[in-house]
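Colleague: I would like to learn how to read contacts and ring pairs in a model. Could we go through them slowly, one at a time?

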Amino acid sequence: NDQVLSFVSDLMVKKVARSMVTGDESPLKIIFTGGGEPTYEFEKFCNLVVSIEELGERNDIPIYLDITTNGAYPKERMDFICRHFNSIMISYDGLPEVQDANRPSPHYQSTSKIVEESIKFVVGKGVPLIVRTTISPNDISRMKEMADFLFTRFGTGFTWSIFPMTPKGRAVQFKVDKDSMPDFFSEFQK
């Protein structure tokens with residue numbers, strides 16, 4: 001946490017200097033994303049978030065916090081995130097059976113129900129939410145079904161972001177190649 005706070009302090013100095021030159025008064029945007037689930041060590045995560053907010057308050061620098069998360073945790077944790085983050089992105093692969101196949105828990109258990117509860121919770125709190133779906137070659141033909149499911153289940157209080165799978169990380173098992181891309185775009189247009 002100390003290294004991150006030092007880095008954020010450096011960003012604040014640069015933000016103040018740029019604001020003095022340009023007059024830009026926009027918040028310092030900090031995004032928690034990439035390299036695994038940012039909330040994995042939840043107590044450390046909470047302490048870091050609160051410390052960043054306090055650092056911003058002490059230096060009169062508005063902070064905008066954004067997070068990309070798997071959303072696979074109880075309401076108490078989602079409540080903390082909703083209270084401290086300006087926008088949230090939750091990864092959910094469109095349909096329960098697709099979510100469970102693509103994004104099981106570390107113990108290979110279903111995640112669809114708990115992630116759906118997190119999505120409902122965030123929508124209910126009114127925090128800007130993006131539901132991010134990664135489309136595998138196996139599921140390209142199900143995009144419309146996914147859209148119907150998501151907007152029926154959660155309403156319209158979120159943005160649906162869809163991306164074709166790229167052959168990196170866990171996705172290499174799907175044998176994604178450039179030939180699957182035209183199918184993605186033609187299905188997307190439906």
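Colleague: Which residues does T111 touch, not counting residues up to four places away in sequence?

Modeller: Contact means heavy atoms within 4.5 Å, and on that rule T111 touches Q99, D100, R103, P104 and S105. This is a predicted model, in which local features need pLDDT of at least 70 and side-chain atom pairs count only at pLDDT 80 or more, while totals for chains, interfaces and linings use all residues. Residues are numbered from 1 along each chain as its sequence is written, and side-chain values use heavy atoms, with hydrogens and water left out.

Colleague: Where is T111 found?

Modeller: Helices are DSSP runs of H or I with at least four residues, numbered from the N terminus, and T111 lies in the loop between α4 (96–102) and α5 (112–125).

Colleague: Is T111 buried or exposed?

Modeller: Buried means under 20% relative accessible area, exposed over 50%, and partly exposed in between, using a 1.4 Å probe and protein chains only. T111 has a relative accessible area of 6%, so T111 is buried.

Colleague: How many aromatic pairs are there?

Modeller: Rings of Phe, Tyr and Trp (its six-membered ring) pair if their centres lie within 6.5 Å, and planes under 30 degrees apart count as stacked, over 60 as edge-to-face and the rest as tilted. By this rule the count comes to 10 aromatic pairs. One of them joins F151 and W160 edge-to-face, at 6.4 Å centre to centre with 85° between the planes. F151 is partly exposed because its relative accessibility is 32%, whereas W160, at 18%, is buried.

Note on methods. Helices (H or I, at least four residues) and strands (E, at least two) are DSSP runs, numbered from the N terminus.
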